[in-house]
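I opened this notebook to record what I looked up in the structure below. The entries follow the order of my reading.

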Amino acid sequence: MTLSGIRDRLDYQAALLGLVVLVTCTALAMAYQLTREPIRLALENDMRQSFSRVLPASLHDNDLLSSQGMITAPWGELTYYQATLEGTVTAVIFPLTAQGYAGRIEMLMAVKANGEISGVRVLVHQETPGLGDKIEEARDPWITYFSGKSLNNPLPADWGVKKDGGHFDQFTGATITPRVIVAAIKRGLEFFETSQDQLLYPLRTYQATTEGVSHD
Amino acid sequence: MTDYRRLAKDGLWSNNMVFAQMLALCPVMAVTGTATNGLGMGLATLFVLVGANLIISMIRHTISQAIRIPVYIVIIATLVTLTDMLINAFAYELYKVLGLFIALIVVNCAILGRAEAFASKNTAWDSFVDSILMGIGLTWALVAIGGFREIIGSGTLFANADLLLGPAFGFLEITLIPDYKGFLIMILPPGGFIAVGFLLVLKRWIDQRVEQRQQRAEQLRSA
């Protein structure tokens with residue numbers, strides 16, 4: 001029987017479609033196995049790069065990714081990372097979110113053990129190009145002015161943009177974005193203050209138990 | 001004998017995916033804020049298009065009419081997912097820029113259109129050539145729209161080219177207008193429509209000029 005003869009039979013069509021799906025799924029499963037490790041590494045690399053932008057290397061000698069813990073913040077469950085220097089906790093890094101002008105703004109903040117901000121960076125946002133996107137470090141140094149600030153400097157009442165009588169600059173043509181970011185950072189500092197006992201309590205890290213074994 | 005010159009002319013100009021078929025407009029509007037993004041998206045689509053055309057033309061005799069569309073879609077969706085995984089794994093910086101839009105390639109009707117209109121009726125080699133030319137046609141269109149928007153919108157050209165092509169291509173990045181304040185709307189989605197509109201006018205105008213010149217040449221010959 002020729003191919004054109006059986007091509008219109010129902011069982012042939014079902015079998016062919018099944019075969020195509022089987023082959024493509026196999027290909028996808030293999031590709032997933034092959035790319036899983038590189039994708040994980042790329043993500044970790046990306047995390048480390050973000051960490052290095054909020055926390056100077058001189059403040060820690062541990063691998064931040066392997067000293068992580070979970071904690072409940074007023075706005076939900078979050079993962080925090082502890083920075084230690086010769087065994088003493090020097091800072092914690094945790095993510096922050098704010099509801100911006102055009103969707104969620106995701107940030108990363110590092111707070112030193114004394115309650116001072118080491119650094120804040122915006123990781124993901126959809127703010128208007130040319131106006132609200134000055135919150136990116138690459139476009140404007142604005143976000144770096146938070147380094148060294150704490151709830152004592154300026155005082156909590158001054159944690160707002162100048163338009164609202166606060167301490168921080170807004171951008172020409174964009175007040176909403178800086179306002180929500182200042183509020184989110186203040187929220188982050190308050191969260192640090194109330195939960196610092198847990199945040200600064202040394203984690204039993206994976207790295208501490210496998211140090212000197214180094215078999216990865 | 002296949003007329004390759006005709007294939008080239010169709011793919012690159014007269015039947016260009018964007019400027020003539022007016023297909024693939026969703027990714028066109030979404031990613032062409034800069035020439036670099038356009039190039040990245042164009043190359044990713046080219047890869048999927050070549051793969052889809054090649055596979056479909058090779059199995060075209062076994063596919064029956066009734067189930068051809070699901071078969072094409074499964075193949076195209078698989079290729080898009082593969083591209084997505086590969087870019088995520090090996091070009092993470094690019095993935096951060098294009099990631100959201102790679103999945104859009106699957107709804108790019110131009111690819112299904114090519115499978116239906118060309119790959120299902122031609123040999124593997126011809127389909128391969130056709131997909132390369134169509135893909136290049138799409139890529140240059142995306143780069144042209146992206147470049148147009150980028151120059152007017154932010155005064156640069158090929159910004160972040162090093163992320164896409166590696167540090168060696170950093171030289172491509174040019175600041176054409178220093179201290180440019182930017183023209184916001186061109187970078188926002190409406191700018192995509194405006195840019196496509198202007199470039200379409202330009203293409204039609206060129207086509208018309210060519211046609212007029214040919215007519216005049218014919219008149220002279222007959223006179």
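How many residues of chain A are in contact with residues of chain B? I found 21 residues of chain A in contact with 23 residues of chain B, where contact means that C-beta atoms, placed from the backbone, lie within 7 Å. Helix 2 (residues 10-54) of chain A supplies the largest share of the chain A side, 16 residues. Helices here are DSSP runs of H or I with at least four residues, and strands are runs of E with at least two, numbered from the N terminus. I sorted the chain A side into 14 nonpolar, four polar and three charged residues; Ala, Val, Leu, Ile, Met, Phe, Trp, Tyr, Cys and Pro count as nonpolar, Asp, Glu, Lys and Arg as charged, and the others, Gly among them, as polar.

I noted that this is a predicted model, in which local features need pLDDT of at least 70 and side-chain atom pairs pLDDT 80 or more, while totals for chains, interfaces and linings use all residues. Residues are numbered from 1 along each chain as its sequence is written, and chains are lettered from A in the order in which they are written.

I next turned to A:Thr175, which an unreviewed UniProt entry lists as "modified residue: FMN phosphoryl threonine". A:Thr175 lies in the loop between strand 5 (117-124) and helix 3 (176-200) of chain A. A:Thr175 is partly exposed because 17 other C-beta atoms lie within 10 Å; buried requires 20 or more, exposed 12 or fewer. Beyond neighbours within four places in sequence, A:Thr175 is in contact with A:Val161, A:Lys163 and A:Gln170.

Note on methods. Contact = placed C-beta atoms within 7 Å. UniProt positions renumbered as here; feature names shortened; annotations may be inferred.
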